[in-house]
Every structure is written in C-alpha cells, then in structure tokens.
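Open the structure in your viewer and keep the selection panel at hand. Each stop below tells you what to pick.

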Amino acid sequence: MRRLLSLALFVPLFCFAGTAIAADAKESVEADASTRQVAITSSFTGTEILVFGAVENSVQPSAGAGTYDVVVVAEGTPAPVVVRRKSRVGGLWINTASMRFASLPSYYAIASTRPIDEIADAAVLDANAIGFEHVRMVPASTGGTAPTDADEVAGFKKALIRLKEKERLFIKSDFGVAFIGRSLFRATVALPPNVPVGPLAARIYLFRDGKLLGQYKSKVTLEREGVERYIHDAAQTRPLLYGLVTVFLAITAGLAAAFAFPRSV
Amino acid sequence: MTLYLPIAEMSVSVAVFLALGAAVGFISGLFGIGGGFLLTPLLTFLGVPPAVAVATCNVHVAASSVSGAVVHYRRKNIDVKMALVMLSAGLVGTSLGVEVVRLLRKAGLFEFTVSLAYVTFLGVVGTLTLIEGINAWRHAQTVGVHSPRKSGRHNWMDGLPFKMRFVRSKLYISMVPPMVIGMFVGFVSAIMGIGGGFIFIPAMIYILRMPTSVVVGTSLFQIVFVAAFATVLHAWQNKTVDVVLAAILLVGGVIGAQFGTSAGEKLRSDHMRILLGMLVLIVAARMGYDLVAPPADLYSLAPLRGS
C-alpha cells in the first residue's frame, strides 16, 4: 500500500563555522530532491520518503567503516498541546494536573546511523534539537496547573513523548541511516496516515567523532489535492455553507432511504 | 477499501464504518433514539479525534432520524404539534448549553463533566426504563392484556396554565411541562453532543404520559431538527464536521434505520423498554467503569485548537 517516494537529497555540506570542520578533510555533499511534495488525496494511507545523500571528499575506506555519522530529522509544524494527568478523587479518576506546551513539533521522525547518544553529547543534540529528549518543547507561561517541581515537569515531558510515540507521530530509527558506499547514504522516513498536513522541515546532520561537520536543510510539503483539498477549503473558508450543505446531504439521504424502501420492509 | 478523511486527517476502512453506521442506524430506528450516545464513543474508540466525532455524529443522527421519522409519519405516529412546542424551547436550551460548554472548556472541566453527565443520565434513565419495562412486562404476564392509558387521571400538571390540546397524543395539558422538557434536553444535548432521544422518550412517557405509539416518532421528528441545528453550529463555530466520514456513516445509517423501524413495530412496548433500558445501562456501566477503574495511562494528550 505504501508508495515509496524517493526524495533524493544530495546535500552540499557547507562549513558553517571554521571550528566545525576537521582540519584535514574538506567534506562536502551535493544534493537534489526528486520530489518535495507529497499529495494527500482520498486514497492516502501514509507513505515513506526516501532521503538520499552523499558525503563528498569522504575519507571513509568502506561503507561499513563507520567514519561518519549521519542523522536525518523530519519535523512537522510546531503546535500547542496540553498534557493532562489523572489522579483519584473520591474514587473517581479525574484530570487534576495539566501542563501546557506553547509549541511542540506535531510530527518528529529521526533516523541515524547508530543511537544518537553515541554520536554526540547532549549539548550538541540539544542545540540542534536532535532526538526525542532534545526536541524543542516550549512550556506555556500560562494555563494548565503549571507544575513547578522539576520531577513533575520531567514526568509530563516524558509522558508527552511517550504519547506522541504511541500515536506514531514521533518515530525513531536508531540504525535507519545506512551508508551504501564510501560516501553515499540513504534513509527512509515514514509518514503515517495521521501525519499532520503541512510543511515538513528535513534536516540532515553529518558528524565525525562527535563533532558536527555540517548540516543541510530541506523542505517537504504535504498538500491536500483534488477532492480532499476542495472539501477542506470549503470547511475552513465557508463554514456556514459547508454545514448547511452537509445537513442537506443528510436529510436527502434519509428521505431517499425512506422512499426507496417499500412500506412493509 | 480505505479512504482519507479531509477533516479528521486520517485514513479509515470504509467497510468498518459502513457497518458501524448500519448497526447504530438499526438501533436508532428500533428505539427512536438518535444513537449519538453509542456512535460518539465508538468513533473515538476507532481513533477519530473526539471533537470531530462529536460534531460528525450529529450528521448521522439527522440522517437516520429523517429516515425513521418518515416511516413513523406515514403511520401517523408523530405528534407534530407537541414536537414543535418542545423544539421552540429546545433551541433556547441548546444555545445556553453551547455557552456553558465554552465556560467549562475554559475551566478545563469539560471532559470530566461530559463523562459524569453521561454516566448519571444514562444510569438514571436506563434504570427507570428497565424497571418500568419489567413492571409492564410482569403486568402483561398476569393480566394478559395491556392496560390502557388511564384517561382523565389528574396530577400536578393539571394545575398549570396555557393549556393546549394535543390531538395525536390524546392529551389536553399545559404547554409548560413540554417546554421545560424541551429546553432541558436541548441544554443537555449541547453539552453531551447527542440528540437527546434517550431523555426525550422516558420524559414523554412518564412525565407527559403520551401514548407509547407516538413517542418514538415524535422523538425522532424532534431529533432531526436538534441534530441539524447542532451540525450547522459545529461546522460554523468549530469546523469539525467531516463530510466524508458523515457520508460513509449515513449510507449505513439510513438503511439500518429502515430495518430498525420495521423491527420496532413488531416489538411489544414493554419488551422495547426492557431492551432499551439494558442497552443504556450497558453504555453507562462501561463509562462508569472508565471513571472508577485505574486508567492504563495516567497521562493524556490533547491538541489546543485555536489557542
């Protein structure tokens, strides 16, 4: 069922700062994308994006040498969420505590050549929002019961990631990036059927010995097409008309069924 | 075959949702209830976002109610005058309910209030309906015939002003009780996202003492308007009505409702009450269990729409 879209990224790895690059290697990457647009039509059941890249001037002796580490991150539009926690009050389980986050990626997929905590230290991962523990979560300043205890906040954050993973909107693949030559690597990023429609920011990082050598940013747009787009636009821009048409449809269907059936069914 | 839903933003199996629509439509036609109280939790269980489930259910409820109401209309089982009196107050109640929902959401108490309202109303109505049904059934067993409605019986309602003659229901009563009931049901249905049939029916039978034969048709007739009103409000204010999901559900629903209505004709009223009472109690027990049992996950996630 899953269509495989190949998104080939031949990424120019420009050196961002002189400090980020190893002195003896001028690695760079060329990039291109075969498609940057995923159409959400009425037959959409999720899909996979193939991410391709090549390290130029690779000093890696073979595909399996493991000289470089590559991390591929795809992030959906940030959106506000609220996490609630139940506790027992008079025998009933009620949401008593909650924490609001002003912004959390609606979708976050990560693939890497090996577990990310082996690739680089937490400070680098935090700075680049690589990995579930390092995703940019912005707690809202107001709203919720606003827990202040550090343990409690950590509990909420952990629960948030766990719940997102359960919805398949946070996806991790520890060995999802594979070198298929001295310089060529590939990774697939799964887009589940419930992926939030909107632009995805794709980021590719190149590491060597825990140092970030470079990164490349690309964009994949998810767009509704055909009937899906028409219906969604109508619901958003002309909601009253949309509601009336829906009711008309319902009444017509009900009447049609009533008159189509003989009186003595 | 699967289809991607434009508003719910998910891919669903058409066969599963057709069958679900048909099953709920059958029950809807059988008992003269909208079926929203069954469909909403089932849709949520299948992964439809709760806000979309609540809003879209109304479309299904409107369609299957029309389908069932036409059958009752042909059999002259609808007291249109009574329905209109109730509706006039019902729409006021719905508007009040929408405002209360807004306040509850602001206070973060909405979900809990809805669960508690479901358990309370379903529990009380289910128990009353079941007890009454069993009593009627026992009575029928011993006497062998249905006891006719005691006409000319006096109660507290006879003292109220604005009396009106309801020919179809063979009643001459004050307009006040039907209006109060209509307003209350309109209010509750806005909060719970349902048509309100399971409250209408017992209220019409036990408070207004309408003949059982016209109760189901009259209830369905009203629900058409309540559900249509709610659909437009939800689409307009919340943009959560999924027309594709609604279309799948209502194709199954209108067909199911036809069979349900015919099956209901063959069912004795005491049996019908026992079955409806049991069904309502099962749903109430299921929801009550969720409130009392330790949840699998203490944490839950909710998107913040428009904030």
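The tour goes from a whole chain to a sheet, then to the chain contact and a helix.

Keep in mind that this is a predicted model.

**Stop 1: chain A.** Select chain A and colour by secondary structure. Of the 265 residues in chain A, 34% are buried. Now turn to its contacts between residues at least 6 apart in sequence: 74% of them join residues at least 24 apart.

**Stop 2: the six-stranded sheet.** Stay in chain A and pick the strands in the order S2-S13-S12-S4-S7-S9. They form an open sheet with mixed pairing. Its edges are S2 (37–40) and S9 (170–173) of chain A, each pairing on one side only. On average, neighbouring strands are turned by 15° against each other, direction ignored.

**Stop 3: one strand pair.** Zoom in on S4 (69–75) and S7 (108–112) of chain A. Do they run parallel or antiparallel? The pairing is antiparallel, over five bridges.

**Stop 4: the chain contact.** Display both chains. Chain A puts 51 residues into the contact and chain B puts in 49. On the chain A side, S5 (78–89), S6 (92–105), H3 (150–166), H4 (227–237) and H5 (239–260) each supply at least two residues. H5(A) gives the most, with 14 residues. Colour this side by class: 31 residues are nonpolar, 14 polar and six charged.

**Stop 5: H2 of chain B.** Select residues 36–45 of chain B. Buried residues here include B:Gly36, B:Phe37, B:Leu38, B:Leu39, B:Thr40 and B:Leu43. After H2(B) comes B:Gly47, with a positive phi near 100°.

Conventions:
Residues numbered from 1 in each chain as written. Chains lettered and ligands numbered in written order. Predicted model: local features only at pLDDT ≥ 70, side-chain atom pairs only at ≥ 80, totals over all residues. Buried ≥ 20, exposed ≤ 12 C-beta atoms within 10 Å, placed from the backbone. Contact = placed C-beta atoms within 7 Å. Helix = DSSP H or I, 4+ residues; strand = E, 2+ residues; numbered from the N terminus. Nonpolar A, V, L, I, M, F, W, Y, C, P; charged D, E, K, R; others polar. Pairing = 2+ DSSP bridges. Axes fitted to C-alpha atoms, helices over the stretch in contact; angles between N-to-C directions.
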